[in-house]
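User: I have a model open and want to go through it. Can you take my questions one by one?

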Amino acid sequence: MERPDAQSADEIDLVAALQAGDERAFERLVRDHGPRLFAVARRMTRDEAAAQDCLQEAFLSAHKAIGRFEPHGSLGGWLHRITVNACLMRLRAAKRLAETPIDDLLPSFSAEGLRVGEPRAEVRDPETELEATRLKSMLREKIDALPDAYRIVLLLRDIEGYSTREAAEAIGIAEGALKVRLHRARAALKTLVEPLWDELGPS
Amino acid sequence: MITRHRLRWRIQHWLENRVPGLLTCAEFQQTLDDYIDGALGRAGRMIVDIHLKTCPTCRRYMSAYRKVRDIAPRALDTDETKALGEIPEDLVLAIIMARKAQPDA
Ligand SMILES: [Zn+2]
């Protein structure tokens, strides 16, 4: 995951220099951590210009908050959270975090609560490396097609290494609501992916 | 051999008679992640197991759901999405300039 936990002696020196307001140390921070954090901002915003803005905001927030950085924590993990928060703030401001209805992508049930309208075929496991790669890229495409409110929950839980509680706090919803949203994201993904699954085969 | 139709009929019959502890497919759906995560207690797990034993549709659903759930993190975690080592020099310079324009921490 994205959170290196150990803090090296080198990092302790870097933090001390940052706290002393050293400009070269700040540049080193940007050069060392920038590429990884830029990737975080890009996958969260899916927008090059927005990702650049978020990264800049994140480093400025880090600069302002470095005095409060706990020396026993991980600098990488701390910066990662700041970057995720900067992206979330931007998505929220653009109203991209509000839950939109995706009922047509969720499973349907009869009035008695019986499952209806499910495909009958079993999905196969990929048999070759190529098939697995195709499956992953098709899945990524479909994740990108999800509304942001669902896509971001998947990202936080599956990629950014957030726990349910951390993700709920970051987005500003209750833990139960987050679990429901994560489940809907996965169920929607299944609906989108399943019809294409069999086309990945060797035929 | 229990046919799909008979099974459906039987489940419907059970549901209408409110057999205690019997889950509907809709209720099963709500417990799915907790079940896969092993977060249900013994009793909860047993109730879900009974549903899975009696409901091939949910069994199939779970199998597909689980595959999608498992592959999603790997689909997102690629070199492409990480784009390691790539950050425009313009951006690095812009960030450094922006920091200079700020009062010191
Ligand atoms: Zn069922």
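User: In what order do the elements of chain A run from the N terminus on?
Analyst: They run α-α-α-α-β-β-α-α-α-α. That is eight helices and two strands, where helices (H or I, at least four residues) and strands (E, at least two) are DSSP runs numbered from the N terminus.

User: What should I know about the model and its numbering?
Analyst: This is a predicted model, in which local features need pLDDT of at least 70 and side-chain atom pairs count only at pLDDT 80 or more, while totals for chains, interfaces and linings use all residues. Residues are numbered from 1 along each chain as its sequence is written, chains are lettered from A and ligands numbered from 1 in the order in which they are written, and side-chain values use heavy atoms, with hydrogens and water left out.

User: What does the C-alpha trace of chain A span, and how much of the chain is buried?
Analyst: The trace spans about 65 × 40 × 30 Å along its principal axes. Of the 203 residues in chain A, 49% are buried, meaning under 20% relative accessible area with a 1.4 Å probe and protein chains only (exposed is over 50%, partly exposed in between).

User: Changing topic. How many aromatic pairs are there over all chains?
Analyst: Three. Rings of Phe, Tyr and Trp (its six-membered ring) pair if their centres lie within 6.5 Å; planes under 30 degrees apart count as stacked, over 60 as edge-to-face and the rest as tilted. One of the pairs is A:Phe26 with A:Phe59, edge-to-face at 6.3 Å centre to centre and 80 degrees between the planes.

User: Where do those two sit in the chain?
Analyst: A:Phe26 is in helix H2 (residues 23-45) and A:Phe59 in helix H3 (residues 48-65) of chain A, 33 residues apart, so the pair links distant parts of the chain. Both A:Phe26 and A:Phe59 are buried.

User: And B:Tyr61 with B:Tyr65, what kind of pair is that?
Analyst: Stacked, with 6.0 Å centre to centre and 20 degrees between the planes. B:Tyr61 and B:Tyr65 are separated by about one helical turn because they are four residues apart in helix H4 (residues 56-76) of chain B. B:Tyr61 counts as buried at 1% relative accessibility, and B:Tyr65 at 0%.

User: Which charged residues lie over these rings?
Analyst: A:Arg115 lies over the face of B:Tyr61, at 4.0 Å from the ring centre. The charged end of B:Arg99 sits over the ring of A:Phe26, 5.5 Å from its centre. The criterion is NZ of Lys or CZ of Arg within 6 Å of the ring centre and within 35 degrees of the ring normal.
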